[in-house]
Amino acid sequence: MIDMIFKKLIFILLTLTLFFSNTSFASNTINGQKIYQQHCVMCHGVNGKSVMAGAANFNRGEGLFQSDHRLLERIQSGKNACPAYRGILTEQKIYDVIAYIRTLNW
Ligand code: HEC
């Protein structure tokens, strides 16, 4: 009996761990959209149609042909007129924004 309860407890604990680790580590496009609207939209435009001359047009997939890891480093260190976001946005937030901008090219 005790054994059964113990097994059930372990099962519940594992399920909860999986659930919470999933929600805290996976990229979140909804959150990414909010960050995009606060920090990127003035140059890269609504839906990724850039409004600043020379800014990557995410609507056409510009600048997105690289891994998430490369993009993270790029966004952290900036490129010419694109500001550096190291110290401004956490890694998790940048991954969220990357997940969001990847939804814009169609
Ligand atoms: C002040 C205007 C401005 C803002 C704000 C801005 N960008 Fe940019 N971004 C640019 C410009 C200009 C380029 C083109 C840089 C170049 O290739 O010379 C660019 C390029 C990029 C690229 C392509 C990089 C590459 O490897 O070619 C990415 C990705 C990007 N921006 C992401 C972002 C994200 C994410 C944000 C918000 C967190 C952001 N940018 C905010 C102006 C801006």
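## Residue classes and model

Ala, Val, Leu, Ile, Met, Phe, Trp, Tyr, Cys and Pro count as nonpolar, Asp, Glu, Lys and Arg as charged, and the others, Gly among them, as polar. The model is predicted: local features need pLDDT of at least 70, side-chain atom pairs count only at pLDDT 80 or more, and totals for chains, interfaces and linings use all residues. Numbering starts from 1 along each chain as its sequence is written.

Helices here are DSSP runs of H or I, at least four residues, numbered from the N terminus.

## C82

C82 sits in the loop between helix 4 and helix 5. It has 18 C-beta neighbours inside 10 Å, so C82 counts as partly exposed (buried means 20 or more, exposed 12 or fewer, C-beta atoms being placed from the backbone). C82 lies 47 residues from I35 in sequence and 15 Å from I35 in space, C-alpha to C-alpha.

## Helix 2 against helix 5

I35 belongs to the contact of helix 2 with helix 5. Helix 2 (residues 29-39) and helix 5 (residues 91-101) pack at about 95°, axes 7 Å apart. Helix 2 is therefore roughly perpendicular to helix 5 (65 to 115 degrees). Axes are lines fitted to C-alpha atoms over the stretch in contact, and angles run from 0 to 180 degrees between N-to-C directions.

Helix 2 contributes T29, N31, G32, Q33, I35 and Y36; helix 5 contributes K93, D96, V97, A99, Y100 and I101. Contact requires C-beta atoms, placed from the backbone, within 7 Å. By class, six residues are nonpolar, four polar and two charged.

Notes: Helix = DSSP H or I, 4+ residues; strand = E, 2+ residues; numbered from the N terminus. Parallel < 35°, antiparallel > 145°, perpendicular 65-115°, else oblique. Contact = placed C-beta atoms within 7 Å.
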